[in-house]
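Please take a moment to turn the model around before reading on.

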Amino acid sequence: MIDVAVVGAGISGLSVALRLQKAGVNVKVFEKEEKVGGNIQTEEIEGFLCELGPQTILADKKVEEFLSLAGIKPLYAKEEAKIRYIYKKGKLVPLPMSPLSFFTSPLLSLSAKLRVLKEPFIPKSIKKEESIAEFVKRRLGQEFLDYIVEPFISGVYAGDVNKLSVKYAVRRVYELEQRFGSLIKGAIKLKALGPGGRLISFEGGNYTLPSHLAKALDVDVENVVLKIRRKDDHFVIDSRKGKFSARAVVISAPATSAGYLLRELSWSAAQEFDSIYYAPVVVVHAYTRDSIPPGFGFLVPRKEGKRILGVLFSSNIFEGRKGNLLTIYLGGATDPQVAEEDDDLISATVEKELKEILDVDVNILKITKWKKAIPQYNLGYGKFYELAETLEKEHPGLFLTGNYLRGVSVADCIRNSEEVANRVLEFL
């Protein structure tokens with residue numbers, strides 16, 4: 001009998017499995033695809049290193065500790081990657097990185113800047129839950145929402161600020177208001193507003209990480225788990241390659257797959273998880289012979305009327321990467337139909353808008369369509385957290401994890417893996 005079966009070899013599952021193995025637990029990982037990593041995939045095309053999913057990882061102390069545990073060395077971003085832009089009225093405007101640069105920046109009007117100064121005097125909301133749009137308009141004003149928060153949310157969630165829950169999608173910001181009554185007061189006391197850490201990747205790209213983790217583990221690829229059943233004091237896993245027994249099961253697959261796997265344990269829970277909306281994202285890799293600005297890239301507010309959500313100057317971010325590679329994002333919750341359009345139309349849109357924004361001509365290298373890319377932590381999302389907790393209580397030895405629970409980023413998944421692994425160890 002296996003101690004722990006982990007279903008899903010994305011970053012969540014692999015991170016939990018490695019922590020458990022390091023603690024001396026017998027772990028087997030099941031993966032239905034031929035490759036591990038989930039949406040962390042890297043391809044080399046014509047000498048360009050193309051990240052098809054997440055481009056970078058924001059590594060804080062917890063992430064760095066995990067990488068050390070895993071025995072893998074990160075590649076740190078160049079200093080110039082701190083430069084970021086917002087596209088506004090035909091120009092790329094650098095995102096302010098300090099209070100002084102904020103007040104001298106042309107990104108916001110004078111009235112919008114003065115509106116921000118009122119923030120410490122705005123009372124807490126009496127509503128139980130607010131969308132990001134409601135929260136930001138109330139505390140910081142419409143213009144701050146349009147030109148700073150909304151593009152940032154597009155970059156993280158490819159989401160709709162009118163639907164995303166501030167409590168679950170940007171919990172750190174929500175908690176600043178809860179603890180300090182003000183974002184500015186809280187940021188001053190904590191000496192930070194956003195998450196800390198350094199941008200990293202790896203030699204050979206981000207896929208190096210899941211590939212490295214998998215080599216240290218018993219990972220059974222191309223083995224679809226068909227059913228998970230409870231039998232006495234253990235679980236029976238029916239897979240394409242046969243039956244397995246395990247004392248505990250960690251389901252680290254996406255919510256829709258988790259729903260399918262849970263149907264024998266709870267049909268109602270399976271249907272609930274199936275209802276989680278994943279925004280589609282189209283990733284286009286292109287190169288140009290024209291010059292591109294220094295820095296990380298730019299985001300495009302929806303107010304500007306473009307279909308591009310944002311562009312990364314991928315070859316600028318890390319040393320040793322072939323030059324002038326652009327990674328372009330389209331789609332998301334505000335423009336989901338892009339993922340259904342044919343490649344020629346997508347190419348034409350990208351070429352036209354990059355000419356308008358950067359005045360560059362590009363050659364398209366690859367178009368990747370993620371039909372279900374990023375789970376959307378929309379209003380009412382707390383019910384899925386509660387559902388996961390209830391299921392785990394009702395079925396001791398069952399554990400749920402993944403980017404649809406407590407954070408969508410790679411770093412979130414790595415951090416959460418510690419807590420999940422500790423709970424599994426406690427159960428065993």
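The mean positions of the 60 positive and 55 negative charges of the protein lie 5 Å apart. In this count Lys and Arg are positive and Asp and Glu negative, while His and the chain ends are not counted, and each charge is placed at NZ of Lys, CZ of Arg, CG of Asp or CD of Glu.

Before going further, note that this is a predicted model, in which local features need pLDDT of at least 70 and side-chain atom pairs count only at pLDDT 80 or more, whereas totals for chains, interfaces and linings use all residues. Residues are numbered from 1 along each chain as its sequence is written, and side-chain values use heavy atoms, with hydrogens and water left out.

The protein has 16 helices and 19 strands, which are DSSP runs numbered from the N terminus (helices are H or I with at least four residues, strands are E with at least two). The radius of gyration is 22 Å, close to the 22 Å that the globule rule gives for 428 residues, so the protein is as compact as a globular protein of that length; the radius is taken over C-alpha atoms, and the rule is 2.2 Å times the number of residues to the power 0.38. Along the principal axes, the C-alpha atoms fill a box of roughly 65 × 55 × 40 Å.

Of the 428 residues, 56% count as buried, where buried means under 20% relative accessible area, exposed means over 50%, and partly exposed lies in between (1.4 Å probe, protein chains only). The protein exposes about 19,100 Å², and carbon and sulfur atoms supply 53% of this area, which comes from the Shrake-Rupley method with a 1.4 Å probe. Among the contacts with a separation of 6 or more, 69% are between residues 24 or more positions apart, a contact being heavy atoms within 4.5 Å.

Side chains of opposite charge can pair when their charged atoms come close. A salt bridge is a side-chain nitrogen of Lys or Arg within 4 Å of a carboxyl oxygen of Asp or Glu, and by this rule the count comes to 32. One of them joins Lys88 and Glu143, whose closest N and O atoms are 4.0 Å apart. Because Lys88 lies in strand β7 (residues 84–88) and Glu143 in helix α6 (residues 142–157), the pair ties together parts that are 55 residues apart in sequence. Lys88 is buried, at 11% relative accessible area, whereas Glu143 is partly exposed, at 22%.

Another salt bridge links Glu356 and Lys352, at 2.9 Å from N to O. Both residues lie in helix α14 (residues 343–358), four residues apart, which is about one turn of the helix. Here Lys352 is exposed, at 51%, and Glu356 is partly exposed, at 37%. Asp361 and Lys355 also meet in a salt bridge, at 3.6 Å from N to O, and salt bridges that share partners join Glu119, Glu130, Arg138, Arg139 and Glu177 into one network.

Glu222, however, has a positive phi, near 50°, and lies in the loop between β10 (219–220) and β11 (225–231). Arg406 also has a positive phi, near 65°, and is found in the loop between β19 (398–400) and α16 (410–427). Glu222 is partly exposed, at 41% relative accessibility, and Arg406 is partly exposed, at 36%.
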